[in-house]
Amino acid sequence: MAVHDHSYKLLFSHARMVRDLLEGFVGGEWLRAVDFSTLERVSDAYVTDDLRARADDIIWRVRCGERYVYLLLEFQSSDEPFMAVRVLTYVGLLYQDLIKAQKIPREGLLPSVLPVVLYNGAARWRAAENVSSLLYESRDGLEQYGPELRYLVIDEGAYDEQWLTLSDNLVAMLFRLENCFQRDRVKGLVNTLVELLREVDLQSLRRAFAIWFDKVIFTRFAGEPIDVTNELWETEAMLAERVPIWEEELREEGRQQGESKLLQRLLSKRFGELPDSVRARLKGATAEQLEHWGEELLDAASLNEMFRAEAAS
């Protein structure tokens with residue numbers, strides 16, 4: 001998923017995408033005071049190696065009235081149970097760097113930080129969104145010293161198609177394309193995206209979308225890399241060529257995904273919560289492997305016995 005996350009970093013390195021994200025998916029009264037013309041990436045010049053090494057994110061800031069608000073974007077392709085702890089660390093490191101770089105106003109108050117986890121995984125996000133939810137409950141006075149920090153999760157697969165039909169919102173269009181697997185609809189969405197990106201000052205963003213198509217959409221469906229395009233509308237011709245291949249692969253992939261999910265449910269019902277290693281093995285299995293494991297499920301007394309039998313065969 002590293003390629004997927006990297007392409008999202010490229011897309012959300014553009015102010016237009018950040019603005020559409022805030023207006024379309026974050027909201028809040030505070031946005032009334034935001035001057036979007038002041039949106040700027042936080043320079044790596046005063047972000048320490050420690051933060052860069054830990055954070056897989058992009059940091060922006062924008063003026064809100066008389067102060068700045070910092071936006072920390074974290075990109076996730078899989079559910080992370082302790083994401084709240086990771087975000088707590090990132091925010092603390094960001095504050096530490098701001099203090100060290102003397103970016104704190106004269107009154108000495110720290111700026112607001114909005115941590116956003118942008119999640120594009122297939123399953124719905126289930127992790128705790130507040131670090132306090134991960135702590136043991138205490139009623140002996142220690143609870144007052146526990147950390148309290150909440151992040152905002154944007155689970156793009158949780159939005160339905162009708163809700164995502166936002167006029168001129170490029171983030172909504174990104175989510176729609178991520179979740180679209182039908183030929184005619186994909187082509188229609190690409191045409192709409194092309195129209196939205198025809199502004200001259202969005203040329204760099206067009207290239208970012210083209211790279212996202214090349215590294216994520218085309219490889220996901222076609223299973224082979226395609227040369228990166230310089231302009232988004234060049235992808236339309238490629239799309240017309242690739243879609244017939246996609247349809248057959250998607251049908252086969254859909255059958256395998258259905259069999260994999262069914263086997264996961266049956267295994268969970270018999271053996272309890274499945275470890276991540278087993279889920280990953282089922283997800284990447286062939287149709288023949290899934291069928292074989294389904295037969296072994298009838299006689300196996302444990303997960304280890306079931307997969308040992310598969311290895312021995």
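Modeller: Welcome! Two strands count as paired if DSSP finds at least two bridges between them, and strands (E, at least two residues) and helices (H or I, at least four) are DSSP runs numbered from the N terminus. What you see is a predicted model, where local features need pLDDT of at least 70, side-chain atom pairs count only at pLDDT 80 or more, and totals for chains, interfaces and linings use all residues. Residues are numbered from 1 along each chain as its sequence is written, and side-chain values use heavy atoms, with hydrogens and water left out.

Biologist: Let me try that on a pair. How many bridges join strand β2 to β3?

Modeller: Eight, and the two strands run antiparallel, with β2 covering residues 57-64. β2 and β3 form a hairpin, with two residues between them. In that turn, G65 has a positive phi of about 70°.

Biologist: And in which sense does β3 pair with β4?

Modeller: In the parallel sense, again over eight bridges, with β4 spanning residues 112-119. Here F75 stands opposite L118 in β4. Follow the chain and you will see that β3, helix α4 (residues 83-100) and β4 make a right-handed β-α-β unit. Right-handed means that, with the strands pointing away from you, the path from the first strand over the helix to the second runs clockwise.

Biologist: Is β3 largely enclosed or open?

Modeller: We call a residue buried under 20% relative accessible area, exposed over 50%, and partly exposed in between (1.4 Å probe, protein chains only). Eight of the ten residues of β3 (residues 67-76) are buried, so the strand is largely enclosed by the rest of the structure. S77, in the loop between β3 and α4, also counts as buried, at 11% relative accessibility. The S77 side chain makes a polar contact with the side chain of N120, at 3.2 Å. Such a contact is a pair of N or O atoms within 3.5 Å; within protein, one must be able to donate a hydrogen and the other to accept it, and residues adjacent in sequence count only if both atoms are side-chain atoms.

Biologist: Now the charged residues. How many salt bridges does a search of the whole structure find?

Modeller: Side chains of opposite charge can pair when their charged atoms come close. The search finds eleven salt bridges, each a side-chain nitrogen of Lys or Arg within 4 Å of a carboxyl oxygen of Asp or Glu. One of them joins D20 and R16 at 3.1 Å, N to O. These two sit four residues apart in helix α2 (residues 15-26), which means they are separated by about one helical turn. D20 is buried at 6%, while R16 is partly exposed at 21%.

Biologist: Which parts of the chain does the E161 and R176 pair link?

Modeller: E161 and R176 meet at 2.7 Å, N to O. This pair links distant parts of the chain, 15 residues apart: E161 in helix α5 (residues 161-164) and R176 in helix α6 (residues 170-178). E161 is partly exposed at 32%, whereas R176 is buried at 15%. Elsewhere, E74, E80 and R86 are linked in a network of salt bridges.

Biologist: Finally, which residues touch the most other members of the largest nonpolar core?

Modeller: A nonpolar core is a set of buried Ala, Val, Leu, Ile, Met, Phe, Trp, Tyr and Cys residues joined through side-chain atoms within 4.5 Å. The largest has 48 residues, and L11, F12, M17, L174, L205, F209 and W212 touch the most other members. Apart from it lies another core, of 20 residues, among them V87, V91, L94 and L149.
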